[in-house]
Amino acid sequence: MYYFDYAASTPLLPAASQVFCTLSERCFGNTSSLHDFGGEAQNVLAYARTELAQLIGVEDDGIYFTGGGTEGNLLALISLAMAHQHRGRHIITSAGEHPSVDSAMDYLKAQGFSVTTIPFDSSGTVDLDKLAQAIREDTILLSVQHINPEIGTIQPIEEIAGLIAGRGILFHSDCVQSFGKVDLRLLAKWVDAITVSSHKIYGPKGVGAVYIHPKHRYSPVFPGAVHEGGFRGGTVNVPGIAAFVTAAKIAVDEEIGNPAYLSMRQVFYDKIKDAQELFTLYEAAGQERQLSQIIGLGVHHVEGQLIMLELNRHGFAISTGSACQVGQQHASKTMVAMEIDPQTAKGFIRISFGRDTTVESVDLLAARLIEAARRLSPYIIG
């Protein structure tokens, strides 16, 4: 079976697995306990916090470990909005955010906040003109995902930060898809809050982190929590966190700037260029705004789910978009954000590369994809 769904989840690195197993056996104390077992766990946690902060390029006292990207987005957005509502109750986000951001926005709207959602342009980039027009005197928070998980578009975070500079608007960015693939140290100075996750970078599931700049107040979603500075309740998963940071260090060292992914992308393009009548590629206008590891593709006149199932039958694992939406009947969020016709959007599929992907497997995938699209299309004869 060839795996092409790394944007959904990655296999656990052996080094991270070893750290997790070792600490689960030897460092099982509760970080809040005052005895030596608790102290040992607290020391490991402190070390992991410092290491992660260095990888992101932020202050370690702004790092809060969470149960993953979804929880991180929910806690970050709600806690920041509630803490700063005395200054205003208007929030701006994009139409292509992760469902967890939508969930946070729905919750905040129920609490009396108003939310403006900005669409994407044809290249999958948030419409900067409409974003600028949406800014109001009572705007307190902006959330824009760094890299789109369905087509790999890299949003212009620095430009967006420039639009809100000096206005007192907090800027949160969901960096779950970008951490370990691009250097977040170049982004950290432009935002006030960041969400990252472990299982996208070869760490264990159920672990993530939020960074909130220490100069900003936040209001805990659940009052009375004592762990992670009150940001989140529950006994801290020290083995998982240590394994997460272990995987993150390897990913940052080996994955960022790896030219192999661009080569794989080119092999895929070269293979399907003679079958352009079958596909539409969804990507950024320039290579500098495109993550090489993710290919968003529309198959003409065939539903993406059918293509996915057909490829799976032949040993290739791809997806029809974000894993958090699979099984739902509506179209890809990115396709909706780009205002793609609903019928056309049904043909969307996503292919994503990772550390075990080979050029040979990409070539095989492209050949099988062309074959499936030709055979399943009602408009192809012979």
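Helix 8 (residues 260-272) and helix 12 pack against each other at an angle of about 30 degrees, with their axes 9 Å apart; helices here are DSSP runs of H or I of at least four residues, strands are runs of E of at least two, and both are numbered from the N terminus. The axes are lines fitted to C-alpha atoms, for helices over the stretch in contact, and angles run from 0 to 180 degrees between N-to-C directions. That angle makes helix 8 roughly parallel to helix 12, given that angles under 35 degrees count as roughly parallel, over 145 as roughly antiparallel, 65 to 115 as roughly perpendicular and the rest as oblique. The contact, meaning heavy atoms within 4.5 Å, is made by Met264, Val267, Phe268, Lys271 and Ile272 of helix 8 and by Val359, Val362, Asp363, Leu365, Ala366, Ala367, Leu369 and Ile370 of helix 12.

The model is a predicted one, in which local features need pLDDT of at least 70 and side-chain atom pairs count only at pLDDT 80 or more, while totals for chains, interfaces and linings use all residues. Residues are numbered from 1 along each chain as its sequence is written, and side-chain values use heavy atoms, with hydrogens and water left out.

Helix 12 (residues 359-376) also packs with helix 9 (residues 304-313), here at an angle of about 125 degrees and with the axes 10 Å apart. That makes helix 9 oblique to helix 12. On the side of helix 9 the contact is made by Leu306, Ile307, Glu310, Leu311 and Arg313, and on the side of helix 12 by Leu365, Arg368, Leu369, Ala372, Ala373, Arg375 and Leu376. In the segment after helix 12 lies proline 378, which is exposed, with a relative accessible area of 57%; exposed means over 50% relative accessible area, buried under 20% and partly exposed in between, with a 1.4 Å probe and protein chains only. The C-alpha atom of proline 378 is separated by 8.0 Å from that of valine 302, although the two residues are 76 places apart along the chain.

Six of its six residues are buried, so strand 10 is largely enclosed by the rest of the structure. In a regular strand the side chains alternate between the two faces of the sheet. Both faces of strand 10 are covered, with Ile294, Gly296 and Gly298 buried on one side and Ile295, Leu297 and Val299 buried on the other. Strand 9 (residues 279-282) runs antiparallel to strand 10 and is joined to it by four bridges; two strands pair if DSSP finds at least two bridges between them. Within this pairing, tyrosine 282 has glycine 296 as its bridge partner. Strand 12 (residues 348-352) is likewise antiparallel to strand 10, with five bridges between them, and isoleucine 295 is partnered there by isoleucine 351.

Elsewhere, seven strands form an open sheet of mixed pairing, in the order 2-8-7-6-5-3-4. Strand 2 (63-66) and strand 4 (114-118) stand at the edges with a single partner strand each, so one side of each is left without a neighbour in the sheet. Neighbouring strands of this sheet are turned against each other by 20 degrees on average, direction ignored. Strand 5 (residues 139-143) and strand 6 (residues 170-174) run parallel and are joined by three bridges, and leucine 141 stands opposite leucine 170 in strand 6. Helix 3 (residues 69-83) packs on the sheet, where it touches strand 2, strand 3 (90-94), strand 5, strand 6, strand 7 (193-197) and strand 8 (208-212), and its direction makes about 165 degrees with that of strand 7. Helix 7 (residues 238-254) packs on the sheet as well, touching strand 2, strand 7 and strand 8, with its direction at about 115 degrees to that of strand 2.

Two threonines can be followed from here. Threonine 195 is placed in strand 7 and counts as buried, at 0% relative accessibility. Its side chain forms a polar contact of 2.9 Å with the side chain of asparagine 73 and another of 2.9 Å with that of histidine 172; a polar contact is a pair of N or O atoms within 3.5 Å, where within protein one must be able to donate a hydrogen and the other to accept it, and residues adjacent in sequence count only if both atoms are side-chain atoms. Threonine 235, by contrast, lies in the loop between strand 8 and helix 7 and counts as exposed, at 53% relative accessibility. Leaving aside neighbours within four places in sequence, threonine 235 is in contact with Asn30 and His227.
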